[in-house]
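Colleague: Hi! Could you take me through this model, starting with a few residues and then some helices?

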Amino acid sequence: MTAPPPSVDAWRHWDLHPSVLIGLALLGGLYVFWGGLAAPRRRVASFVAALVVLGLALNGPLHNLSDSYLFSAHMVQHLVLTLAFPPLLLYGTPAWVVRPLLRPGWLLAFARWATRPLAAGILFSVPITLWHFPRFYEAALEHHPLHIVQHLVFIATAVIMWWPILSPVPELPRASYPTQLVYLFLLGLPMSLAGAMITLAGTVLYPFYATAPRVWGLTPLVDQQLGGLLMWVVGTMYLWVAGGVVWFRWSAREEAGDVEREVPLEAYGSAEK
């Protein structure tokens, strides 16, 4: 028997999901247990901000809107999970918190392959593109366990995607500055293509949202076009702005007389505790 659709104003409720709270507690607990609080304050603040961002994305109004009302809200949620949470997490995590996770030899070997730019870009771009195909997207909306898997895949692959830019451990080094620039530019292309296809579609691609309660007067097609624009413009520009930051960092090193293209060791923060 199909559950009745939610009321128009039900999205305003602050529902807390146990699975999310457990995940946040686990992340925070491991961070404290492995000495993350000994990191500089700005890095601890970044880690706390990552947990807050993740909690707000997966609980409360944004989660409710994305799950039951608006495709555009779902796109905002996905952009937060993939473009906001991972950089905060990686910047806020010191090397000594990451190293215990890399102790198994097979995991370190996998990480050395997966965190190189080509592999990291593919591991991120392929799943996020495929999951926006209507059949897969609808399946995730209709089956909550699959939806959880979708979010976990997005988060995990996004952390890997950001690793060549913000790796916290020299053992899994960041890419050189020129490589980072090319990498971030190319990462924006699949997102642009997928976003453009969604925006320019003349029909509603995701029937789930066609039958959802209407919020703020957005028709299903306009909502879909707005979501596609968010992926196309906002997502792509975010990556290219990150590339601009990389370029300025590289330029600052060259002006200081350091012509090396590799990321200096001090960029990783306190690698030793």
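**Contacts, helices and a loop**

Colleague: What does Q180 touch?

Modeller: Leaving out residues up to four places away in sequence, Q180 is in contact (heavy atoms within 4.5 Å) with P164, I165, R174, A175, V246 and V263. Bear in mind that this is a predicted model, where local features need pLDDT of at least 70 and side-chain atom pairs 80 or more, while totals for chains, interfaces and linings use all residues. Numbering runs from 1 along each chain as its sequence is written, and side-chain values use heavy atoms, without hydrogens or water.

Colleague: Thanks. Which helix is Q180 in, and is Q180 buried or exposed?

Modeller: Q180 belongs to helix α10, residues 177-200. Helices here are DSSP runs of H or I with at least four residues, numbered from the N terminus. Q180 is buried because its relative accessibility is 2%; the cut-offs are under 20% relative accessible area for buried, over 50% for exposed and partly exposed in between, with a 1.4 Å probe and protein chains only.

Colleague: Now S46. Where is S46, and why does S46 count as buried?

Modeller: S46 sits in helix α2, and S46 counts as buried because its relative accessible area is 8%. Beyond four places in sequence, S46 touches L88, Y91 and G92.

Colleague: How far is the side chain of S46 from the backbone oxygen of L88?

Modeller: A polar atom of the S46 side chain lies 2.7 Å from that L88 oxygen. A polar contact is a pair of N or O atoms within 3.5 Å; within protein, one must be able to donate a hydrogen and the other to accept it, and residues adjacent in sequence count only if both atoms are side-chain atoms.

Colleague: And R41, buried or exposed?

Modeller: R41, also in α2, is exposed, because its relative accessibility is 77%.

Colleague: Switching to helices: which residues of α8 are buried?

Modeller: In α8, residues 134-142, the buried ones are Y137, E138, A140 and L141. They line one face of the helix, because seen down the axis of α8 they fall within an arc of 160°. The arc is that of the directions from the helix axis to the C-beta atoms.

Colleague: What covers them, and what is on the face turned away?

Modeller: The cover over the buried residues of α8 includes α3, α4, α9 and α11 (207-210). The face turned away from the buried side carries the exposed residues R135 and E142.

Colleague: How about α6, which residues are buried there?

Modeller: L108, A111 and A114 are buried in α6. Down the axis of α6 these buried residues fall within an arc of 130°, so they line one face of the helix. Among what covers them are α7 (117-130) and α9. G105 and W106 are exposed residues on the face of α6 turned away from its buried side.

Colleague: Last one. What is the phi of W216?

Modeller: W216 has a positive phi of about 60°, although W216 is not a glycine.

Colleague: Where is W216, and is W216 buried or exposed?

Modeller: W216 lies in the loop between α11 and α12 (220-255). W216 counts as exposed because its relative accessible area is 59%.

Key:
Helices (H or I, at least four residues) and strands (E, at least two) are DSSP runs, numbered from the N terminus.
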